[in-house]
Amino acid sequence: SVAANLEAVARLAFAAEFRDEDVGEHIFRVGRSTGLLAEKIGLDPILVSLFRTAATLHDVGKIAVPDSVLLKPGKLDEDQWMTMRAHTTQGHRMLEGSKSQMMVCAAQIALSHHEHWDGGGYPNGDAGEEISQSARLVSVADVFDALTSHRPHRPAIDAVQALDYVVSQRGKHFDPRLVDAFLGV
């Protein structure tokens with residue numbers, strides 16, 4: 001049933017964040033924000049729902065990141081940073097191969113939500129429209145929420161500062177059209 005599938009997705013998303021209490025609600029806020037942003041740009045309600053649900057799995061690959069890296073206070077060293085960045089490819093590996101449209105979308109989001117509009121992101125250095133629309137939407141929602149949430153390596157900043165950062169990254173980190181829409185959400 002649809003309800004059982006949604007519950008399974010929610011539990012998998014929760015498992016990805018289970019080890020870090022500070023970000024447990026992060027996945028659901030990112031899903032909500034992704035859905036609101038998708039609505040704002042006029043996507044079909046079926047796509048909005050798909051993206052909202054799939055977005056909750058964006059960090060599922062963090063299951064494969066050791067606690068010593070995931071929960072480390074302070075800056076990560078180069079090796080730790082490489083381990084953390086691998087959550088994108090690990091998440092894609094965990095989710096790929098499904099016949100479910102939602103899981104296919106979630107796999108793409110997991111892989112590409114840290115790609116940058118200007119090609120400066122990871123893991124593949126994709127740019128612009130090479131990055132799936134779903135991952136571009138999640139990227140904005142994820143960064144905003146991460147900035148406004150306490151993390152082991154840094155304190156939260158207020159919403160105004162986070163919005164200023166998102167605007168400063170228009171056309172660099174983020175799709176310019178999505179930054180414009182985000183300001184209206």
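Me: Why are α6 and α7 called roughly antiparallel to each other?
Reply: Helix α6 (residues 87–95) and α7 pack at an angle of about 165 degrees, the angle being taken between N-to-C directions on a scale from 0 to 180 degrees, with axes fitted to C-alpha atoms over the stretch in contact. Angles over 145 count as roughly antiparallel, under 35 as roughly parallel, 65 to 115 as roughly perpendicular and the rest as oblique; α6 and α7 are therefore roughly antiparallel. The helices here are DSSP runs (H or I, at least four residues) numbered from the N terminus.

Me: What kind of model is this, and how are its residues numbered?
Reply: This is a predicted model, in which local features need pLDDT of at least 70 and side-chain atom pairs count only at pLDDT 80 or more, while totals for chains, interfaces and linings use all residues. Residues are numbered from 1 along each chain as its sequence is written, and side-chain values use heavy atoms, with hydrogens and water left out.

Me: What hand does the crossing of α6 and α7 have, and which residues make the contact?
Reply: The crossing is left-handed, a term for a near helix turned anticlockwise from the far one by less than a right angle, clockwise being right-handed. From α6 come Thr88, Thr89, Gly91, His92 and Leu95, and from α7 Met103, Ala106, Ala107, Gln108, Ala110 and Leu111; contact means heavy atoms within 4.5 Å. By class, there are 6 nonpolar, 5 polar and no charged residues. In this scheme Ala, Val, Leu, Ile, Met, Phe, Trp, Tyr, Cys and Pro are nonpolar, Asp, Glu, Lys and Arg charged, and the others, Gly among them, polar.

Me: How are α2 and α3 oriented to each other?
Reply: The axes of α2 (residues 26–40) and α3 (residues 45–55) cross at roughly 155 degrees and come within 7 Å. That angle makes α2 roughly antiparallel to α3. The crossing is right-handed. Val30, Gly31, Arg32, Thr34, Gly35, Ala38 and Glu39 in α2 meet Val48, Phe51, Arg52 and Ala55 in α3, a contact of 5 nonpolar, 3 polar and 3 charged residues.

Me: How many aromatic pairs does the structure hold, and what is the geometry of the one formed by tryptophan 81 and tyrosine 122?
Reply: There are 2 aromatic pairs. The rings of tryptophan 81 and tyrosine 122 lie 6.0 Å centre to centre with 75 degrees between the planes, and the pair is edge-to-face. Rings of Phe, Tyr and Trp (its six-membered ring) pair if their centres lie within 6.5 Å, with planes over 60 degrees apart edge-to-face, under 30 stacked and the rest tilted. The partners are 41 residues apart, tryptophan 81 in helix α5 and tyrosine 122 in the loop between α7 and α8.

Me: Is tyrosine 122 buried or exposed?
Reply: Tyrosine 122 has a relative accessible area of 10%, so it is buried; buried means under 20%, exposed over 50% and partly exposed in between, with a 1.4 Å probe and protein chains only. Tryptophan 81, at 34%, is partly exposed.

Me: What makes the pair of phenylalanine 144 and phenylalanine 182 edge-to-face?
Reply: The planes stand at 65 degrees and the centres are 5.2 Å apart, so the pair is edge-to-face. Phenylalanine 144 is in helix α8 and phenylalanine 182 in helix α10, 38 residues apart. Both residues are buried.

Me: What joins tyrosine 122 and proline 123?
Reply: A cis peptide bond does, with omega about 10 degrees. Most peptide bonds are trans.

Me: Why does glycine 125 count as partly exposed?
Reply: Its relative accessibility is 32%, so glycine 125 counts as partly exposed. Leaving out residues up to four places away in sequence, glycine 125 touches Glu115 and Gly119.

Me: How do you know that leucine 137 is buried?
Reply: Leucine 137 has a relative accessible area of 0%, so it falls under the cut-off. This residue of helix α8 touches Thr34, Leu37, Ala38, Ile41, Leu43, Phe51 and Leu178, not counting residues up to four places away in sequence.

Note on methods
Helix = DSSP H or I, 4+ residues; strand = E, 2+ residues; numbered from the N terminus.
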